[in-house]
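Visitor: I would like to learn how labels get attached to parts of a protein model. Can you take me through one, step by step?

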Amino acid sequence: MVEEVKEALIQEEITVVPSPVSSLWILGVGLPLAGFGLLGFGVWKLGNFPWDEPILQAVHAASTPALDRIAQGMTRLGSPWILPPLAGLMAIALVPLQRWRSLLYVVLSLSGSTLINIGLKDLWKRDRPFLWESGAPRPHDFSFPSGHAMTSVAIVVVLLILLGSSRWRPWATLFGVLFVLAIGWTRLYLGVHYPSDILGGWLMAIAWTVGLSLLIQPQREKIQPQDEK
């Protein structure tokens, strides 16, 4: 009897294939959270990583008056005066489409990202770097993780998830990656964040927005005009 069962199992060639959802939980949530945890532990134990200041100094070494103006202007694109209103417009656009699941995802993702950032900064209480005068207004809150980095990644990930398999997604991905990198660069160039602040903000935003998308599943709704339903 035992031999017959073994034979049947061999003949059926049973294989276990991990589901896409399981892979997303691991790659999109688990790994970013683990990376953030390692960074947070390093900040707590060391204060600064050995590579934080050298990278800042290397970025600052390339400074010019023209780049100063570019960085000061571009960094405003990641400020609370730009991205939250943009998120609000995104949410409003979903109302006439009656995409309530997507609307809930937008509101929770972006408001939650801001609240999480405030809480994490208050938890770590890391002082901002002060290696040179950049000429830009110096924020008075704590440094880890970067709010600009978190918000920029959160809004890009939300947009990409809502676009789904749309033909615009490749272009949105390219623009989104360039936008996130540009905002991160401005925070380093202006000397208001350590590189580990930026990386920590990126990782936490990815974990939060991807994890929330797996729970709410806004991708089950296709964004399209009302008359095409």
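Guide: Gladly. This is a predicted model. Leu 27 is exposed, with a relative accessible area of 56%.

Visitor: Why is Leu 27 called exposed?

Guide: Exposed means over 50% relative accessible area. Leu 27 has 56%, so Leu 27 counts as exposed.

Visitor: Where does Leu 27 lie?

Guide: In helix α2, which covers residues 20-46.

Visitor: What lies at Gly 30 in α2?

Guide: A kink of about 30°. Gly 30 comes shortly before the proline Pro 32.

Visitor: Which residues make the nonpolar surface patch?

Guide: Val 21, Trp 25, Ile 26, Leu 27, Leu 31 and Leu 215 make it, over about 620 Å². Helix α2 gives the most, with 5 residues.

Visitor: Which residues of α2 are buried?

Guide: Among them are Gly 28, Val 29, Pro 32 and Phe 36. Buried means under 20% relative accessible area. The buried residues of α2 pack against α6 (100-124) and α9 (195-216).

Visitor: What follows α2?

Guide: Gly 47, whose phi is positive, near 85°.

Visitor: How many helices and strands does the chain have?

Guide: The chain has 9 helices and 0 strands. Of its 229 residues, 41% count as buried.

Terms used
Residues numbered from 1 in each chain as written. Predicted model: local features only at pLDDT ≥ 70, side-chain atom pairs only at ≥ 80, totals over all residues. Heavy atoms only, no water. Helix = DSSP H or I, 4+ residues; strand = E, 2+ residues; numbered from the N terminus. Buried < 20%, exposed > 50% of the residue type's maximum accessible area, 1.4 Å probe, protein only. Patch = residues over 30% accessible without salt bridge, like charges linked within 9 Å, V, L, I, M, F, W, Y side chains within 5 Å. Areas by Shrake-Rupley, 256 points an atom, 1.4 Å probe, with all protein chains shown as cover. Salt bridge = Lys/Arg side-chain N within 4 Å of Asp/Glu carboxyl O. Bend = angle between axes of the 7 residues up to and from the residue. Contact = heavy atoms within 4.5 Å.
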